[in-house]
Amino acid sequence: MNTQHPLFLVSLVLLFQLQPTPTFGDQTPAAPTSNPTTNGTEFIRTSCGTTLYPDLCYHSLSRYASAVQQSPGQLAKVAIGVSLSKARRMAAYVSTLARRAEYGTDRRAAAALHDCFTNFGDAVDEIRGSLKQMGQLGAAGLGVESFRFQMSNVQTWMSAALTDEDTCTDGFEGVADGSLKSDVCDRVTKVHKITSNALALVNSYVAKGTP
């Protein structure tokens, strides 16, 4: 065959021109998109910087990044929910200790545990009320004034919950030092920090001024 023949060369050129261009599964590769979880994690980290206990804040809330994304309202709501869960567990724990203490000889410890259980019962009610109020913010037509009013209720209840948690540890001042006192006070302190962080995030949300 004469490979130098003009007709052969023309045919060869046309053959290469007609070859299909390679594709990735006949589809153009999609452009990279942002990861909601990653964005939410960074948003939580930054937001927690406004709290008194940022490391604890981030550790307790970062797992909810996909739900929070970059919403300050959702972050405040999640923080209140975590606070409620911790307060409930603490109330149940103190209740168990209080029942046991009734059969002991340390009457001061028994009284302190009983009062602490009452305090945490009140705190749970207040935090639950705050969470319920947050759930009503999505109502259609919620104006700025209504938003501020509802959030002022949340701020008041969360502040009251902090006071109740503080009162629990105050009741142990007259109790002799020991494992019971240190255990309860340490646990209460951690719950108090989580509640404090939740209130700080609520305050940040309110400062933005939009539902």
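Me: In this predicted model, why are helices H3 and H8 called roughly perpendicular to each other?
Reply: The axes of H3 (residues 54–61) and H8 (residues 179–208) cross at roughly 85°. Angles of 65 to 115 degrees count as roughly perpendicular. H3 and H8 are therefore roughly perpendicular. Their axes come within 10 Å.

Me: Which residues make the contact of H3 with H8?
Reply: H3 supplies Leu56, Cys57 and Leu61. H8 supplies Lys190, Lys193, Ile194, Asn197 and Leu201. The set divides into five nonpolar, one polar and two charged residues.

Me: What makes the pair of Phe147 and Tyr205 edge-to-face?
Reply: The ring planes stand at 80°. Planes over 60 degrees apart count as edge-to-face, so the pair is edge-to-face. The centres lie 5.2 Å apart, and rings pair if their centres are within 6.5 Å. The structure holds one aromatic pair.

Me: How do you know that the span of helix H6 agrees with its number of residues?
Reply: H6 (residues 107–135) has 29 residues, which should span 42 Å at 1.5 Å a residue. Its end C-alpha atoms are 42 Å apart, so the two values agree.

Me: What makes Asp106 a cap of H6?
Reply: A side-chain oxygen of Asp106 lies 3.2 Å from the backbone nitrogen of Arg108. A polar contact needs N or O atoms within 3.5 Å. Asp106 caps the N-terminal end.

Conventions
Residues numbered from 1 in each chain as written. Predicted model: local features only at pLDDT ≥ 70, side-chain atom pairs only at ≥ 80, totals over all residues. Heavy atoms only, no water. Axes fitted to C-alpha atoms, helices over the stretch in contact; angles between N-to-C directions. Helix = DSSP H or I, 4+ residues; strand = E, 2+ residues; numbered from the N terminus. Parallel < 35°, antiparallel > 145°, perpendicular 65-115°, else oblique. Contact = heavy atoms within 4.5 Å. Nonpolar A, V, L, I, M, F, W, Y, C, P; charged D, E, K, R; others polar. Expected span 1.5 Å × (residues − 1). Polar contact = N/O pair within 3.5 Å; in protein donor to acceptor, adjacent residues only side chain to side chain. Phe/Tyr/Trp six-rings, centres within 6.5 Å; stacked < 30°, edge-to-face > 60°.
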